[in-house]
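Hello,

Here is the structure I said I would pass on. My notes follow below it.

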Amino acid sequence: MKMLIGGRWMEAENGKTMAVHNPATGKFLDTVHEAASEDMELALENAAKGQQQWAGTPMSERRQIIRKYIHLLEKQKTELITLCVRECGRDIPDTVVEYNQMIACLTERLQYLEQQSEKAPGIMVITIPSDSPMEVYGDKVPAALQEGNAVIVRPSAENPLTSIR
């Protein structure tokens with residue numbers, strides 16, 4: 001799976017990839033590109049450009065985009081849960097709980113942020129841990145975006161597919 005930088009799916013500049021396996025079974029799932037320093041520089045450059053445009057987007061429009069994001073996550077519920085189960089080696093009930101927590105967190109955050117005014121935006125790098133990738137992604141990324149920040153997501157090396165998808 002390629003990296004998403006500046007709205008484009010790209011391979012790592014150095015061509016390095018990493019295999020992703022199900023930790024419970026050892027079964028191969030996919031490969032992901034390992035970002036090199038050149039890729040991080042490109043990501044930061046693109047984030048700075050995108051952040052200026054995004055910060056100029058009215059808060060009401062940002063909220064609509066976050067609502068659409070929640071709707072898309074709900075449409076892909078089965079796919080996301082299945083991917084997370086395979087990639088994290090966890091059981092289905094625990095992963096369903098994490099998915100539901102992610103949606104609840106997103107919805108709660110959206111309701112809270114609907115009462116907020118414009119904030120001073122910047123660029124945020126969010127590292128996603130391996131123990132609860134959906135929940136942390138769902139909590140941190142939309143909140144940062146809604147406030148007008150550009151976001152660079154650094155997925156866990158142990159289970160990057162859920163965050164990239």
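Beyond its neighbours within four places in sequence, Met134 is in contact (heavy atoms within 4.5 Å) with Leu80, Cys84, Thr95, Glu98, Tyr99, Met102 and Thr162. The model is predicted: local features need pLDDT of at least 70, side-chain atom pairs count only at pLDDT 80 or more, and totals for chains, interfaces and linings use all residues. Residues are numbered from 1 along each chain as its sequence is written, and side-chain values use heavy atoms, with hydrogens and water left out.

Met134 is also among the residues with the most contacts inside the largest nonpolar core, which has 14 residues; Leu73, Tyr99, Met102, Ile103 and Leu106 are the others listed. A nonpolar core here is a set of buried Ala, Val, Leu, Ile, Met, Phe, Trp, Tyr and Cys residues joined through side-chain atoms within 4.5 Å. Buried means under 20% relative accessible area, with a 1.4 Å probe and protein chains only. Two or more residues of this core come from each of α2, α3 (77-88) and α4 (92-113); helices are DSSP runs of H or I, at least four residues, and strands are runs of E, at least two, numbered from the N terminus. Another core, of 8 residues, lies apart from it and includes Ile5, Met10, Ala47 and Ala150.

Met10 also touches His33, a residue of strand β4. His33 is buried, with a relative accessible area of 16%. Its side chain reaches the backbone nitrogen of Ala12 at 3.2 Å. Others that His33 touches include Met1, Lys2, Met3, Glu11, Lys16 and Thr17.

Regards

Conventions. Buried < 20%, exposed > 50% of the residue type's maximum accessible area, 1.4 Å probe, protein only. Polar contact = N/O pair within 3.5 Å; in protein donor to acceptor, adjacent residues only side chain to side chain.
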